[in-house]
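Thanks for making the time this morning. I would like to walk through one model with you, going from helix packing to the core and then to a few individual residues.

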Amino acid sequence: MKRIGLVDVHCHISDQSFEEDRDLVIKRATDVDVVAMISNSENLEDAKKVLRISEKYKGIVFAAVGVHPIDLLTYNESFDKIKDFIVSNSKEIVAIGEVGLDYFYGRKEREREVMKLFLKEFSKLSRELDLPIIVHSRSAGKYAIEILKEMEVKRAILHAFDGKVSFAAQAAKYGYFFSIPPSIVRSQQKKKLVKAVKLENILLESDAPVLSPDPKERNEPKNVIISAQEISKVKGVSFEEVVEKTTQNALKLFNFDWILDS
Ligand SMILES: [Zn+2]
């Protein structure tokens, strides 16, 4: 069995900014003991690319497929189009994501209705295919949690959650997880979130290339180590305990035998 390492449950390794040095970025992550990265897609085109990358870096990069709520603002396809893609590739993907609500960019009622509709459909699909769902909820945490609960979603990650701690505590009671990005080092809200939620409900994410510890720099999956260090400080537990717990949580949530097998 491999030594337990860190799991980045949410990144965008298909992003254009990694085109020149993707090999090195992945190597730098595995060098600091990142054992798995889940690359989330933002639209159908991106999903195809993420699948190609996860095939190339088999056993280390894993694919999640969804339509990002901001991409929904310009998405002209039906839900069935992305659904068919997910269903026909369901053996190759480990989660549905990135999906969700973005009320910061989606200001019009009509736009929010489309986001809600898609989140409901993705939630249904998550149940049908028994795949976890990775949810973006900028300025819409409460509403995203309500939909997940209403749709009886069992396995959900709220990534880079920016909502109130009281909503987060409620979602943790439903068994939902919160993935914490390296930008926690400069975010009082994320520190509060980590304080309010038990380690049993916490995961690590990079959201690379964004949410870097230094906002001027491109983020990389290796920086989940910074998330783990900061969580350890905020919670007053050892770094090793944070790594072990968050990886165990990922194993549970994703049925990740592959981390231990590879
Ligand atoms: Zn993201």
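Predicted model: local features only at pLDDT ≥ 70, side-chain atom pairs only at ≥ 80, totals over all residues.

Helix α5 passes helix α6 in a right-handed crossing, where a crossing is called right-handed if the near helix is turned clockwise from the far one by less than a right angle, and left-handed if anticlockwise. The contact is made by Lys-116, Leu-119, Lys-120 and Ser-123 on the α5 side, and by Ala-144, Ile-147 and Leu-148 on the α6 side, with contact meaning that two C-beta atoms, placed from the backbone, lie within 7 Å. By type, the residues of this contact divide into 4 nonpolar, 1 polar and 2 charged; here Ala, Val, Leu, Ile, Met, Phe, Trp, Tyr, Cys and Pro count as nonpolar, Asp, Glu, Lys and Arg as charged, and the others, Gly among them, as polar.

Residues are numbered from 1 along each chain as its sequence is written. Helices (H or I, at least four residues) and strands (E, at least two) are DSSP runs, numbered from the N terminus.

To stay with α6, its axis and that of helix α7 (residues 165–173) come within 10 Å and cross at roughly 15°, the axes being lines fitted to C-alpha atoms, for helices over the stretch in contact, and the angles running from 0 to 180 degrees between N-to-C directions. That makes α6 roughly parallel to α7, given that angles under 35 degrees count as roughly parallel, over 145 as roughly antiparallel, 65 to 115 as roughly perpendicular and the rest as oblique. The crossing of α6 and α7 is left-handed, and its contact is formed by Gly-141, Lys-142 and Ile-145 of α6 with Phe-167, Gln-170 and Ala-171 of α7.

Which residues touch the most other members of the largest nonpolar core? They are Ala-95, Ile-96 and Phe-178, out of 76 residues; such a core is a set of buried Ala, Val, Leu, Ile, Met, Phe, Trp, Tyr and Cys residues joined through C-beta atoms within 7 Å. Strand β4 (residues 93–102) gives the most to this core, with 6 residues. Leaving out residues up to four places away in sequence, Ile-96 touches, among others, Ile-86, Phe-122, Leu-125 and Ile-134.

Now to His-10, which is found in strand β1 (residues 6–11). His-10 is buried, because 30 other C-beta atoms lie within 10 Å; the cut-off for buried is 20 or more, for exposed 12 or fewer, with partly exposed in between, and C-beta atoms placed from the backbone. Setting aside neighbours within four places in sequence, the contacts of His-10 include His-159, Glu-205 and Asp-207.

Arg-127, in helix α5, is partly exposed, with 14 other C-beta atoms within 10 Å. Beyond four places in sequence, Arg-127 is in contact with Glu-152, Val-153 and Lys-154.

Finally, some backbone details to look at on the screen. A cis peptide bond joins Gly-97 and Glu-98, with omega of about 10°, and Glu-98 sits in strand β4. The bond from Ala-208 to Pro-209 is also cis, with omega near 15°. Leu-211 has a positive phi of about 60° although it is not a glycine, and Leu-211 is buried, with 24 other C-beta atoms within 10 Å.
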